[in-house]
Amino acid sequence: MTTQQAIQLTEEMKEQLQGWMTQFHKDGYLILPGVLTPEKVARLNAAIDDILGEEPDSLAHNIYNSVERHPEIASLIDEPTILPLIVNLLGYNIQLHISHLTIRKPNPDKVKTETNSFINWHQDGPHPQFPSIGGVTSTYYIKACYILSDMSEPNRGNTKVIPGSHNRPFKPEHTDVEGMLENEVQVCGKPGDVFVFPQNLWHSGAPNHSSFTRRQLFFGYSPIWMRPIDYRVASDRLLDEASPFRRQLLGVIDDNPFKYYVPQESMTPLKSLYFGGGSHSVYT
């Protein structure tokens with residue numbers, strides 16, 4: 001069964017999505033428990049083991065375009081719990097923007113590495129940053145972070161966030177991840193949980209002072225008219241036997257670039273997942 005066939009939004013699902021969206025717009029992030037089964041988490045971790053076997057040993061790994069590295073990771077492109085949420089937050093004219101595997105081994109001495117064992121407070125985006133109005137940057141893309149190791153306690157390389165900070169200018173008292181900011185929260189979760197947040201949320205990647213290795217997969221989604229970070233054109237291997245949903249998410253809608261801005265309805269099959277559940281949707 002393809003993802004497109006598998007996702008049928010019931011009224012109960014729409015009600016749940018509406019609740020998630022309301023919380024997302026208020027807090028700037030969501031923690032969704034148990035999205036992936038233990039079996040799926042095990043398969044993803046086995047895939048990551050294979051990938052790391054091809055990489056030089058390091059305290060930290062940042063592996064971009066990770067969907068190209070293993071089909072098990074590519075299967076998350078259109079994960080049925082997350083995709084309808086993203087569509088109803090960003091609108092249906094969207095694509096996969098980034099797939100980013102992060103590994104943070106225990107680093108009690110806070111050794112700095114080329115692949116960033118820890119990252120100070122920031123908003124995601126280009127340099128210079130996205131345009132802002134009154135200092136506030138809109139949501140241009142949203143990430144779903146799949147937690148694949150035990151992050152149920154703080155100080156395991158957790159992501160830190162400031163709830164509600166997506167709605168105000170980025171003016172922290174300081175940017176040092178080691179220093180506390182008012183109202184900061186460490187995102188905790190178990191393997192299979194998913195953390196969802198927009199690029200304009202204030203966040204940082206804390207050092208790992210524990211004996212646990214952090215494993216997380218970030219899947220970012222953006223309007224299809226933005227350049228993706230990972231690729232110019234998706235590979236034939238990813239597109240082979242891809243469902244219409246996945247083909248759209250990989251940027252394949254038409255040979256005419258103008259259609260990225262003004263697509264015909266047939267070019268955006270993800271519209272079937274959009275129910276207009278909230279006036280706060282960023283793009284329609």
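Select K143 and D124. They form a salt bridge, with the closest N and O atoms 3.0 Å apart. A salt bridge here is a side-chain nitrogen of Lys or Arg within 4 Å of a carboxyl oxygen of Asp or Glu. K143 sits in strand 7 (residues 142–147) and D124 in the loop between strand 4 and strand 5 (132–133), so the pair ties together parts that are 19 residues apart in sequence. Helices (H or I, at least four residues) and strands (E, at least two) are DSSP runs, numbered from the N terminus. Are K143 and D124 buried or exposed? Both are buried. The cut-offs: buried means under 20% relative accessible area, exposed over 50%, and partly exposed in between (1.4 Å probe, protein chains only).

A note on what you are viewing. This is a predicted model, in which local features need pLDDT of at least 70 and side-chain atom pairs count only at pLDDT 80 or more, while totals for chains, interfaces and linings use all residues. Residues are numbered from 1 along each chain as its sequence is written, and side-chain values use heavy atoms, with hydrogens and water left out.

Next, select E184 and K160. Their salt bridge has its closest N and O atoms 3.1 Å apart. E184 counts as buried at 14% relative accessibility. K160 counts as buried too, at 6%.

Now select K40, R43 and E72. Salt bridges that share partners join these residues into one network.

Move to E55 and R69. This salt bridge brings N and O atoms to 3.0 Å at the closest. E55 is in the loop between helix 3 (38–52) and strand 2 (60–64), and R69 is in the loop between strand 2 and helix 4 (71–74). Both ends are partly exposed: E55 has a relative accessible area of 28%, and R69 has 30%. How many salt bridges does the structure hold? It holds 15.

Two strands pair if DSSP finds at least two bridges between them.

Zoom in on strand 8 (residues 159–161) and strand 11 (residues 203–205). Three bridges join these antiparallel strands. Pick V161: its bridge partner in strand 11 is H203.

Stay on H203. At 6% relative accessibility, H203 is buried. Its side chain reaches the backbone oxygen of L201 at 2.7 Å. Then show the contacts of H203 (heavy atoms within 4.5 Å). Leaving out residues up to four places away in sequence, H203 touches residues including W121, D124, K160, V161 and F197. D124 is the salt-bridge partner of K143 from the opening stop.

**F195**

Select F195, in strand 10 (residues 194–198). F195 is buried, at 1% relative accessibility. Beyond residues up to four places away in sequence, F195 touches several residues, among them Y29, L30, K143, C145 and V161.

**Backbone stops**

Most residues other than glycine have a negative phi, and most peptide bonds are trans.

- P128 is in the loop between strand 4 and strand 5.
- N65: phi is positive, about 50°, although N65 is not a glycine. N65 lies in the loop between strand 2 and helix 4 and counts as buried at 18% relative accessibility.
- N155: phi is positive here as well, about 65°. N155 lies in the loop between strand 7 and strand 8 and is partly exposed at 39%.

Note on methods
A polar contact is a pair of N or O atoms within 3.5 Å; within protein, one must be able to donate a hydrogen and the other to accept it, and residues adjacent in sequence count only if both atoms are side-chain atoms.
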